[in-house]
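Hello,

Here is the structure I promised to pass on. Please have it open while you read my notes below.

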Amino acid sequence: MKNKTPKIKIKLKRSQKLTKLGQIIYLTCTNFGSNNLLESASACSFGFIFSFVPLALIIFTVLVGIIRVSPGILEYVNAFGAEIESFVDIKPFINNILNKKNFHFFDIFLGVWIIWMARKMFLSIIRAMAMIFKPAIKRKGILNQVLMFVSEFILVIFIASIIIFMFGFNQLVSSNFSEPLKEILPSIVNQNSHTIVSLSMYFVIFISTFYVYRVVSGTKPPLRLCFIYSLLDTLCFYFISHWVTKFMNLTNYNIVYGTISTIIVLMMKVYFFFIFFLFFAQMIYVTQYFELLLKCEVYLLPDSENRGWMVQLRRMLFINPAALKTATNTKFVNQGEVIFNSDDKADSVYYIRTGTITEQFENGESHVFEKGSFVGDTLCLLDERFRGTGVATTDCKLIIFTQNEFKELMKKSPKAASKALSKLAEI
């Protein structure tokens with residue numbers, strides 16, 4: 001197999017970088033809507049509610065053996081329990097397990113049932129990720145099940161490890177060695193402070209999000225992308241959670257809904273989290289496959305005759321795709337210069353960034369291609385020759401797609417292939 005010559009990208013100007021960012025945001029939003037990810041976020045939030053209790057029980061079951069060895073860690077288990085006490089009281093559960101000396105078959109059955117119930121959230125997340133990365137993921141159903149159980153196991157062990165780390169941290173700050181640190185950071189280095197608990201929870205969210213983006217996506221996005229978008233997701237959730245807590249008075253809702261108001265507010269927070277989570281997952285996909293998506297969007301660009309603000313926005317964003325330019329595929333043509341001759345093989349497709357091209361036929365007829373048009377696309381697919389001579393009516397800037405590149409676009413983009421077929425039908 002021959003080594004492909006690497007494409008040397010042309011460095012983008014600041015305005016072109018801003019345009020590229022706008023293109024990424026636009027593609028993310030449109031794909032977010034077409035993949036119906038708002039509904040997926042709702043399914044994930046309901047899955048979380050159903051999985052939350054069994055998942056918490058699994059985590060605390062794992063910690064029971066450690067608690068027997070180091071009873072002091074029970075304080076931190078109870079600290080986590082206090083954070084979710086309004087939702088589920090885990091103290092009786094922990095006490096019952098600690099007092100148990102023998103486990104029976106029914107206990108094993110309950111453990112398996114708990115794990116099975118906790119699948120709901122992970123299954124919803126995997127399905128949502130499959131909606132986003134479907135064109136790139138080639139993972140069978142059985143592998144999804146295995147990944148789901150592995151992910152659940154990793155999450156449980158990780159959260160348990162965080163609690164153990166907090167216990168070790170508590171032992172450290174309780175020593176005389178940390179006295180100067182207590183004076184500097186009293187709100188953090190404090191045995192009774194909830195700051196460490198909150199920070200630990202957000203750290204768990206960050207790591208879990210990073211893991212899903214990197215592993216569950218199935219496309220192995222770059223670590224830098226996973227880190228940035230996981231951080232953004234965690235920060236967005238922090239601010240929305242802080243906003244909900246600050247501006248919603250639970251006392252008022254308790255009068256109307258009773259204790260279920262806590263679950264309603266929790267579900268609201270979780271729903272917003274999954275909206276951010278899936279939005280940034282979609283942005284990872286767009287960023288990872290940006291060149292292919294950009295080529296597709298440029299090929300599907302609506303005609304200038306079409307009206308509507310969305311059409312104008314699309315044309316403004318994508319009509320000059322500077323991010324596709326390389327040192328070899330960009331061509332500047334002066335007015336009157338011949339671009340291709342009649343009977344030349346159509347082994348390239350020309351995209352007009354600026355200017356116009358006129359194709360002149362032997363019978364005296366001509367066809368004008370304007371800015372934003374593709375020249376030679378149907379002939380390239382049919383492996384035919386140009387039927388006329390292409391002349392630059394004005395100074396032109398072109399992006400040239402090779403025949404292999406264009407056919408690859410047709411293979412990977414059903415929408416682009418559909419438009420090409422419709423153009424072929426008009427010939």
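Is Asn 36 buried, partly exposed or exposed? Asn 36 counts as partly exposed, at 39% relative accessibility (buried means under 20% relative accessible area, exposed over 50%, partly exposed in between, with a 1.4 Å probe and protein chains only).

Before going on: this is a predicted model, where local features need pLDDT of at least 70, side-chain atom pairs count only at pLDDT 80 or more, and totals for chains, interfaces and linings use all residues. Residues are numbered from 1 along each chain as its sequence is written, and side-chain values use heavy atoms, leaving out hydrogens and water.

Asn 36 sits in the loop between α1 (14-34) and α2 (37-69) (helices are DSSP runs of H or I, at least four residues, and strands are runs of E, at least two, numbered from the N terminus). Its phi is positive, near 55°. Most residues other than glycine have a negative phi.

Now the cores (sets of buried Ala, Val, Leu, Ile, Met, Phe, Trp, Tyr and Cys residues joined through side-chain atoms within 4.5 Å). The largest nonpolar core has 64 residues, and Phe 277 is one of those with the most contacts inside it. Helix α12 (residues 260-288) gives the most to this core, 13 residues. A second, separate core of 15 residues includes Tyr 350 and Leu 398.

Tyr 350 also stands opposite Val 375 in β6. Strand β3 (residues 348-354) pairs antiparallel with β6 over 2 bridges (pairing takes at least two DSSP bridges), and 6 of the 7 residues of β3 are buried.

Best wishes
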